[in-house]
Amino acid sequence: MNAGRFMPPSKLHPDKPAKMLVCQCNMITSREIEDIVLDLLKADPWQLVVPAKVYNELNRRAKCSGCVPNVVDIIVRVTENYHSQQAHPPADLIHIQTGLEKLKKQQSGVRRERRSTSHRAA
């Protein structure tokens, strides 16, 4: 009869990963959490994404908190993938030490005190 009736969703649509129910209390799927984390990272790539922030974006709260470890795993996975995709080649990165040395050279002739050098206490 219908050959695809009992096949898992990943077999029917190999281009789309299967959605997994992460939070039974709120009926939140892994896809919803991944989308929220990506949206948060696109807004500010270096913010700390925590489960409370994800639930707040979904206008829900963790009721029994049994799903929080899984939410943390999804956040870590999505964040790592996001940053690995956004990574620049090493030639494009500015090394911190080089940047600090450049600033030090620029500020070497600048006086750091507002008062004149003749106005010394000692």
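Glu 34 pairs up with Arg 31 in a salt bridge (a side-chain nitrogen of Lys or Arg within 4 Å of a carboxyl oxygen of Asp or Glu), and their closest N and O atoms sit 3.4 Å apart. This is a predicted model, where local features need pLDDT of at least 70, side-chain atom pairs count only at pLDDT 80 or more, and totals for chains, interfaces and linings use all residues. Residues are numbered from 1 along each chain as its sequence is written, and side-chain values use heavy atoms, with hydrogens and water left out.

Both partners belong to helix H2 (residues 30-43), and because they are three residues apart there, about one helical turn separates them. Helices (H or I, at least four residues) and strands (E, at least two) are DSSP runs, numbered from the N terminus. In general, an α-helix has 3.6 residues a turn, so residues three or four places apart point the same way.

## A second bridge, and a network

Glu 34 also meets the side chain of Arg 77 in a salt bridge, 3.0 Å from N to O. Arg 77 lies in helix H4 (residues 68-86) and Glu 34 in H2, so this pair ties together parts that are 43 residues apart in sequence. Shared partners join Arg 31, Glu 34 and Arg 77 into one network, and the salt-bridge count comes to two.

How covered up are these residues? Buried means under 20% relative accessible area, exposed over 50%, and partly exposed in between (1.4 Å probe, protein chains only). Glu 34 is buried at 14%, while Arg 31 is partly exposed at 27%, and so is Arg 77 at 38%.

## The two sides of H2

Other buried residues turn up along H2, including Ile 33, Ile 36, Val 37 and Leu 40.

What covers the buried residues? Strand E1 (21-23), strand E2 (28-29), helix H3 (51-57) and H4 are among the parts that do.

## A look at Ile 33

Ile 33 sits in H2 and is buried, with a relative accessible area of 1%. Leaving aside residues up to four places away in sequence, Ile 33 touches Val 22, Ile 28, Val 54, Val 71 and Ile 74; contact here means heavy atoms within 4.5 Å.
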